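Visitor: Could you take me through this protein step by step? I would like to ask questions as we go.

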Amino acid sequence: MKDLIIIGAGPAGLTAGLYAARARLEAVAFERLAPGGQVLNTDRVENYPGFPEGITGFELIDRMKRQAENFGLLIESREVVELELSPEKKVVVTDQGPEETKALILACGAVPRKLGIEGESLLTGKGVSYCATCDGFFFRDQEVAVIGGGDTAVEEAIFLTRFASKVHLIHRRDRLRAVRLLEERARAEEKISFIWDTVPLKIEGRNGVEGVRLKNVKTGEESLLPVSGVFVFIGYTPTTDLVKGLLELDQGGFVVTDEGMETSVPGVFAAGDIRSKALRQVSTAVGEGAAAAFSAEKYIENLKGR
Ligand code: NAP
């Protein structure tokens, strides 16, 4: 039996793994794809302390991974398909078989939320994208739309000005949710135009995006914006399908924990974007990963005392 299984190897999972390995727990992190999580979709991380010039998401993750592995964390490429969770027994069923563990840390993050409008699924990968770092390059000298008004939408709209001839930022309200610094940068960017109080109704095109049909929510007026790319940044949905019905989730489906990152099931902890909380940053994810590993260690110690 393992001491600790960590599901997900983004900043939260890798930090939990680093702390667990240094505590000499027999720990393993399972990652479906490559380690990294959402931060790999970020061109440059500017607000993670210690990197005054900023650092690419890729390099930051590579450093975190190497640091955790240097202390003995195992990272295995496995997909978790089912969980059995009770105070007495925790079984992680993966595509390569089941593993029993004394404690578990959920650090499987979140995935981009979809608009759910006509044309979105059909044109995903054909002009509809959820990652500017991955796809921005394909829109050199073309007009694109960005949907959303949070940090991600504004940051990625600024990034897209490197390639696109024009970036239309479409937000459903008349004020951005994004932090002021990003707003100031976007407003100073000539290539960015703001379309306020507007929602997308339909993405037009057959083999590629030809435009987006919009509706002004105040006037009810509809219009067609001709663009060849639509970038959707309207928040994230937590990856909690595996734990639905097994532990407490909030209204948005995020995992509820106490201060020590423990969920409603003793011995099961959560850290990073999957957790119910106000601020989702690399810096908060790593702190929670450390706290979750610390709590897991104490939990395992208590088991031995029984
Ligand atoms: P977010 O903060 O949840 O913002 C989502 C945006 O999409 C909001 O402006 C929201 O509008 C809009 N929206 C939601 N559903 C919509 C729909 N169905 N149709 C149209 N618009 C919709 O998500 P996020 O920007 O991805 O950020 C997620 C977290 O990561 C946040 O905590 C953020 O601070 C953090 N983050 C930080 C940085 C950074 O520090 N540099 C960078 C990226 C992300 P309303 O405003 O009207 O709700």
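Visitor: Which residue's side chain does Arg275 touch in a polar contact?
Guide: This is a predicted model. In it, the side chains of Arg275 and Glu288 are joined by a polar contact of 3.2 Å.

Visitor: Where is Arg275 placed?
Guide: Arg275 lies in the loop between β19 (268–270) and α6 (282–305).

Visitor: Is Arg275 buried or exposed?
Guide: Arg275 has a relative accessible area of 11%. Buried means under 20%, so Arg275 counts as buried.

Visitor: Now the ligand. How many residues surround it?
Guide: The ligand is surrounded by 19 residues, and the closest are Asn47, Asp151, Thr152, Arg173 and Arg177. By type, the shell divides into 4 nonpolar, 8 polar and 7 charged residues.

Visitor: Which helix gives the largest share of that shell?
Guide: Helix α4 (residues 151–160) does, with 3 residues.

Visitor: And which domains does the shell draw on?
Guide: At least three residues come from each of domain 1 (2–111 + 236–305) and domain 2 (114–232).

Visitor: What lies 2.7 Å from an oxygen atom of the ligand?
Guide: That is an N or O atom in the side chain of Thr152. For Arg172, a side-chain N or O atom is 2.9 Å from a ligand oxygen. With Gly149, a polar backbone atom is 3.0 Å from an oxygen atom of the ligand. The protein covers 78% of the 910 Å² of accessible area that the ligand has on its own.

Visitor: Changing topic: what is the strand order in the open sheet of 5 strands?
Guide: The order is β10-β17-β11-β12-β13, and the pairing is parallel.

Visitor: How many bridges join β10 to β17?
Guide: There are 2 bridges, and the two strands run parallel. Val128 has Val230 in β17 as its bridge partner.

Visitor: One last topic. What about the phi of Arg24?
Guide: Arg24 is not a glycine, yet its phi is positive, about 65°. Arg24 is found in the loop between α1 (11–22) and β2 (27–31). With a relative accessible area of 67%, Arg24 is exposed.

Visitor: And what is the phi of Asp141?
Guide: Asp141, not a glycine either, has a positive phi of about 60°. Its loop runs between α3 (132–135) and β11 (143–147). Asp141 is exposed, with a relative accessible area of 64%.

Key
Residues are numbered from 1 along each chain as its sequence is written. This is a predicted model: local features need pLDDT of at least 70, side-chain atom pairs count only at pLDDT 80 or more; totals for chains, interfaces and linings use all residues. Side-chain values use heavy atoms; hydrogens and water are left out. Two strands pair if DSSP finds at least two bridges between them. Helices (H or I, at least four residues) and strands (E, at least two) are DSSP runs, numbered from the N terminus. A residue is near a molecule or strand if one of its heavy atoms lies within 4 Å of it. A polar contact is a pair of N or O atoms within 3.5 Å; within protein, one must be able to donate a hydrogen and the other to accept it, and residues adjacent in sequence count only if both atoms are side-chain atoms. Accessible areas come from the Shrake-Rupley method with a 1.4 Å probe; for residues, only the protein chains shown count as cover. Ala, Val, Leu, Ile, Met, Phe, Trp, Tyr, Cys and Pro count as nonpolar, Asp, Glu, Lys and Arg as charged, and the others, Gly among them, as polar. Domain bounds come from an automatic or database domain assignment. Buried means under 20% relative accessible area, exposed over 50%, partly exposed in between (1.4 Å probe, protein chains only).
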